[in-house]
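Please look over the model below before reading my notes.

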Amino acid sequence: MAYPMQLGFQDATSPIMEELLHFHDHTLMIVFLISSLVLYIISLMLTTKLTHTSTMNAQEVETIWTILPAIILILIALPSLRILYMMDEINNPSLTVKTMGHQWYWSYEYTDYEDLSFDSYMIPTSELKPGELRLLEVDNRVVLPMEMTIRMLVSSEDVLHSWAVPSLGLKTDAIPGRLNQTTLMSSRPGLYYGQCSEICGSNHSFMPIVLELVPLKYFEKWSASML
Amino acid sequence: MLGAECPKPCKGKWPTPPFDPRFPNQNQTRNCYQNFLDYHRCIKTMNRRGKSTQPCEYYFRVYHSLCPISWVQRWKEQIKDGTFAGKI
């Protein structure tokens, strides 16, 4: 989950998010290298008394600073496309969970077997227990089995919302009348937090998402107890 | 509920709807709607021919897994009222 003074991404919980983290590191390194080179050259330009006013033939350097950026862009594009296609791989989910956005809470439906559905409201700050996270905790968490591919179908019952869980690399818009699919796969158990990511009214900041990833046996026990 | 749906608790293993190559992309709206239509058309045809509606169970399982409960309830109301827009 997020922590104060955080600069980078949250720790990855899914293989796709791990790939995204590495890609971000790679791309940011390129950005830092180019920025520092440019800043250095600017500083050189501004701190010399030498001048040069005659026209020059600059064929060689022009060739270099055309070819090199093209190569750099290819070095960024190839890993990016690799991850893009990886996200679209056909996988066979073991479970389907639907989430519907409302003003201002999420509701979840597990209807593969029985009809299990419940609402998930944020816990108001005044009712938090010690140690709980402000504006992030909910009354009913989304319990899911870990290490299994889960199909998430996201939609909305009123206005646009967006269902996001940063540590899993997920963000899917909730559009009324449309069913958007995304794939969820967590490599480890734990609690993973997210917040609504599309402006949806006065309490847009107060409809968080909490996933509770547990071993399959616990998930089966929980779903039986929720019916 | 119409027709011979899978009685609860359902017998046999139903993990979850498999990948349907007719709907390979992110927008699964049509997947849900198509299976809902196919289920009701299947029931109607099987009943008309006097056959068992057991093969229609697949469509039921798929739409039941994929379609939001509120959508299904709304469509069922519309079918009951005769205002459902789809051709069944």
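How many salt bridges does the count between domain 1 of chain A and domain 2 of chain A give?

1. The count is 0 salt bridges between domain 1 of chain A and domain 2 of chain A. A salt bridge here is a side-chain nitrogen of Lys or Arg within 4 Å of a carboxyl oxygen of Asp or Glu.

2. A word on the basis. This is a predicted model, in which local features need pLDDT of at least 70 and side-chain atom pairs count only at pLDDT 80 or more, while totals for chains, interfaces and linings use all residues. Residues are numbered from 1 along each chain as its sequence is written, chains are lettered from A in the order in which they are written, and side-chain values use heavy atoms, with hydrogens and water left out.

3. The domains of chain A. Domain 1 covers 13-86 and domain 2 covers 93-224; such bounds come from an automatic or database domain assignment. The C-alpha centres of the two domains lie 39 Å apart. In contact (heavy atoms within 4.5 Å) are 5 residues of domain 1 and 9 residues of domain 2.

4. The area between these domains. Domain 1 and domain 2 of chain A bury about 540 Å² between them, and 50% of it is on carbon and sulfur atoms. Buried area is the accessible area (1.4 Å probe) that two parts lose on being put together, summed over both. On the domain 1 side, A:T13, A:S14 and A:M17 lose the most area, together 81% of what that side buries.

5. Polar pairing between the domains. The count is 4 residue pairs in polar contact, both residues at pLDDT 80 or more. A polar contact is a pair of N or O atoms within 3.5 Å; within protein, one must be able to donate a hydrogen and the other to accept it, and residues adjacent in sequence count only if both atoms are side-chain atoms.

6. A:K98 sits in strand β1 (residues 95-102) and A:E109 in strand β2 (residues 105-110), 11 residues apart. Strands are DSSP runs (E, at least two residues), numbered from the N terminus. A:K98 is buried at 1% relative accessibility, and A:E109 is buried at 6%. Buried means under 20% relative accessible area, exposed over 50%, partly exposed in between (1.4 Å probe, protein chains only).

7. A second pair in chain A. A:R141 and A:E212 meet in a salt bridge at 3.1 Å, N to O. A:R141 lies in the loop between β3 (116-120) and β4 (142-145), and A:E212 in strand β10 (residues 208-214), so the pair ties together parts 71 residues apart in sequence. A:R141 is partly exposed at 28%. A:E212 is partly exposed at 25%.

8. A pair in chain B. B:D20 and B:R22 meet in a salt bridge at 2.8 Å, N to O. B:D20 is buried at 14%, whereas B:R22 is partly exposed at 47%.

9. The chain contact. Chain A gives 25 residues and chain B gives 22 residues. The two chains bury about 2,100 Å² between them, 48% of it on carbon and sulfur atoms. Between chain A and chain B the count is 0 salt bridges, but 16 residue pairs are in polar contact. On the chain A side, β1, β5 (150-156) and β8 (180-184) each supply at least two residues. The largest share, 4 residues, comes from β1(A).
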